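Q: Please take a close look at one part of this model. Then connect it to the rest of the chain, with cut-offs for each term.

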Amino acid sequence: MHRSIAIISALIVLNLHQSLNAQLTGYWQQNVDYDISVTLNDVNHTLTGNITMLYTNNSPDELTFIWMHLWPNAYKDNQTAFAKQKVLTGSTDFYFAKDDERGYIDNLEFSVNGTVVPLTYDAENPDIAKITLFKPIASGETVSITTPFRVQIPKCFSRMGRVGQQYQMTQWYPKPAVYDKKGWHPIPYLDQGEFYSEFGNFKVQITLPENYIVGASGDLKTAAEFDKLNALADKTAATTLTETSLDFPPSSTTTKTLQYELKNSHDFAWFADKRFHVMRSSVVLPESERTVLTYVYFTNQHKEEWIKACDYVNRSVLFYSENVGEYPWNIAQAVDGTLEVESAGGMEYPTITVLGGDYDAESLDNVVTHEVGHNWFYGIIGSNEREHPWMDEGINSYYENRYMDAYYNRGNALGLPTFILDKLGVDTNNVDNVQYHMYQTMARQNKAQAINLHSTDYTMINYGVGVYLQSAYIMKYLEDNLGTDEFDRIMRKYYKTYQFKHVYPEDMKALFEAETGENFAWFFDMIINDALGPDYKISKFQKGKTAMAVDITNKSEIPASFSVSLMEGDSVLRTDWFRGFTGSQTLYFNYKPEWNVTHLKIDAQRKMPESERENNTIQTAGIFKTIEPLQVKFIVLGVDNPDRTTVTVSPILGWNENNKFMLGLGLWNAAMPTPAIDFVAAPMYAFGTSELVGQGSIGYNLYPKKGFINRLRIAESVSSYSYGTYQLLTTGETTTIFPQYLKLQSKAEIDFRKKVLSNKLSHSISYRNVFIRENDAFFSLDDNGDFVESYANEYMVNEVAYYLKSPTTLFPQFLKVVGEMGDDYTKLSLTYNTKIHYPGMTKGIDVRLFAGAFLGEAGDDKHNFTLAGNNGYYDDLYDEIYLGRNTSDRLLANQISLSDGFFKVPVYNYGLNSDNMLAAGNFEFAIPKVPLIGLFADVAYVAPGTAAENLDAFQYDAGVMIRLPKNIFAIYFPLVMSANLADAFDPETTTYSDKISFMLSLNTLNIFEIIRKLEF
Ligand SMILES: [Zn+2]
């Protein structure tokens, strides 16, 4: 019954296809019809079979060779483009994979029309090869290309592969590269970067053990299997799934052969698992009233969510059919599988999609819809995804947002978790807001990229922010320009014109221009190729009785259309859209006398992809016409609202051993995107010392758009806390003193611009002047020992530093060179960090090398190089946060910082720090298969200085450590140490616990710093 419907509807689709072809004059595309027959061996994990391709050369050119994609070879070794990209994006799983986990395709012998032809592998890419034709294929001619093949199925490292005996067969058969109006497109398989293939019809025959359940592209033509699948689905629907086992049952000794057919497709994928549950449903398409069957396949792992997944497939098939164009195929399916593609939730194939990971109901619907939507923008409209990823991911994300908006009243497409967005103060009920803030943050920091770049040109974050979010945002802008009805009409025309065809941005532009009669160069040539967008500026407000006038200047070269709104506070009184222009124009607005217009604003609804928005508002009254009104918010981290100078107020709590509990008020302005001037103020009252303590900073951030400087920050900061607790025993009583320090710092930082944004290597320099005042540093006592007077200690330090960062996956390197000039000393230090992998493993040894020397006099001993990581006393610039600085509390006193010799034994005796020179090597050994626990070993040379007391120059320690990632927290248990270190512990008065030290680097958790530097 279902199958007969399928055949009739396929015929209708074919006819429709042909009649539309005529509309594109001069357009041509190659056609490849496939007949593939394979057998799965689930013991050796191989696929063996034969393929026949009927290749029709519809181009005007004669072809003397054909580029072939042999993409299973992407998993062959570490030299493939896929393997290299995996390393580049930070994943070492494939790089360190064992040989029997890798995959390849072999046993190939290509024949053309029955004659064996030579196969030449591309010198760079083993997954691309060329077959040379003895007789050229003339324009209009069809040849038959055949080959046997065997695929060794890899473990799942990306899209294709096996997870136990779950088989995901994608990009698995030999396939010609596309030959189009721009020539050949031989491309290697990649993780970041999708596909481009020729259309044609598929016949696929799969033989595998009887008890496998298969979800595949296209129509299942094996009647017995079709009935079996439906019976299974009916059983799943009728019973409650209580099993939780994920074990694979033994495979049947008998096999079955399944036949599939799919017309007008550029790919074919299939998924086989013995454990699959099946659910089925169907939808009737609104226009043709054709029935589309829907199936989902899932294991016990996600059964609660997936049991409803057919509803999502149904609803998304209908949504896209109504808004874009009718679904052309007879079946739509989703599979609960595995994906090892960086941050990918799902992956689309024609009529079938695979999702990896855990989802709640809403996010499952979201991802299913996105992937089902790709049937339109990828499956049916076959754009070149590798070169123009926005044309499938961006446009599809735009429709996905519309779906999420329609059914959930929110369009948090592929975005951050809602609770984080809420914390950031982003209105998640408005998808445009999420995309707007992400883009603004990237653009402000010179980290945004245009949406029309090649897949491999994007940084990892921008492949998400740019290709998905920003492209969807820009499509929405196009919709707002045209109005939804007109936009939908043109997009439906786009769908009809380019279904089952290849399309480029210039074709889309031509279609928009033909449909509207307007020039769309500003959008399709400029907006999509510009990372920063247009920049309109509003100035010179004039007011008449019924009309107002303002001057608008476009500071960019992009004549993008824009809107101007008359505002009363936050309310929009009237919005007008204007055709874009370059240069300046005066615009006029009528207004009603009863309107109280407070300001005029460009793009009040934030529709336009404009990164510079500070010049978008003009007040209609008052002296400071361009200053933004002040807004005070309560406890949100704060995304910047360009309409307001936002100040966030929040109660804050603190604690340290000297000051005890502290309570105060935090005040700061927005964090995202980094404003030009940022400030943080955190005054607190310390209950232990009854003092006012706290910290604050004000910074100026400049991100020049050109030149060698990418970021300049100049900041002033102040902090003041107690740095100790001293008991003075005087004649009558005990006096407790809480000496307090004051730190004033002026700092300039420069990050140099990278030539290529996706390049990992970066350089920066910084200069700072630090003034320290330590109150109560010295005392004078009278003859009775009574406290008379105290004196402060003051010093000033200038510091210049250079940083080189190369955070590559296999050989990360970091270099820091610091020159420090105090009142009476100058010292120089160099720190180098790297990681050495254990052979064939992701884990390895973290290496830190340090060398420091005084040039001449050394000054006060607190500036000395310490063998152990600095404690509160030797942290002379008060850079670190100590739970108990200079405390006598034995536990807290053993806090060390990641600095100087970084020995883990907290001993600071003279001779174990140096006023001359110190060199150290720190080694942290990860333990394979054991998380968090590691071994450490340190060696050092301490040059004898004036303070040395006949100690050895060579020192060492080693032991066991527990550490959290990113050097945030670690505890060190020394087991061996050099004699001088051991001697520092008197067995009479100390215990082993005195030798245990810990590191807690709270500075690395500074959220403002993290947002300012967004390093991806
Ligand atoms: Zn996608």
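**A covered strand and its surroundings**

A: Strand E26 (residues 547-554) is mostly covered, with six of its eight residues buried. Buried means under 20% relative accessible area, exposed means over 50%, and partly exposed lies in between (1.4 Å probe, protein chains only). Strands (E, at least two residues) and helices (H or I, at least four) are DSSP runs numbered from the N terminus.

The model is predicted: local features need pLDDT of at least 70 and side-chain atom pairs count only at pLDDT 80 or more, while totals for chains, interfaces and linings use all residues. Residues are numbered from 1 along each chain as its sequence is written, and side-chain values use heavy atoms, leaving out hydrogens and water.

E26 pairs with strand E25 (residues 536-543) in the antiparallel sense, over six bridges. Pairing requires at least two DSSP bridges between two strands. Three residues separate E25 from E26, and the two form a hairpin. Strand E29 (residues 583-590) also runs antiparallel to E26, joined by eight bridges. Asp551 shows both pairings. In E26, Asp551 stands opposite Ser539.

Next, two other strands. Thr207 sits in strand E15 (residues 200-209) and is buried at 16% relative accessible area. The side chain of Thr207 makes a polar contact with that of Thr257, at 2.8 Å. A polar contact is a pair of N or O atoms within 3.5 Å; within protein, one must be able to donate a hydrogen and the other to accept it, and residues adjacent in sequence count only if both atoms are side-chain atoms. Beyond four places in sequence, Thr207 touches Val38, Thr39, Leu40, Thr255, Lys256 and Thr257. Contact means heavy atoms within 4.5 Å. Val818 belongs to strand E43 (residues 813-821). Val818 is buried too, at 11%. The C-alpha atoms of Val818 and Met508 are 54 Å apart.

Helix H2 (residues 81-88) is largely enclosed by the rest of the structure, because six of its eight residues are buried. Among them are Phe82 and Val87. Just after H2, Gly90 has a positive phi of about 95°.

Now the packing. A nonpolar core is a set of buried Ala, Val, Leu, Ile, Met, Phe, Trp, Tyr and Cys residues joined through side-chain atoms within 4.5 Å. The largest has 165 residues, and Trp172 and Trp270 have the most contacts inside it. Helix H5 (residues 309-323) gives the largest share of this core, seven residues. Another core, of 40 residues, lies apart from it and includes Met662 and Phe985.

Last, the metal site. His370 (NE2), His374 (NE2), Glu393 (OE) and Glu393 (OE) are the protein donors of the zinc ion, 1.9 to 2.7 Å from it. Donors are N, O and S atoms within 2.8 Å of the metal (3.2 Å for Na, K and Ca); water is not among the atoms, so sites may look incomplete. The donors follow the spacing H-x3-H-x18-E. His374 lies in the loop between helix H6 (361-373) and helix H7 (375-380), and Glu393 in helix H8 (residues 393-408), 19 residues apart. His374 is buried at 0%, and Glu393 is buried at 1%.
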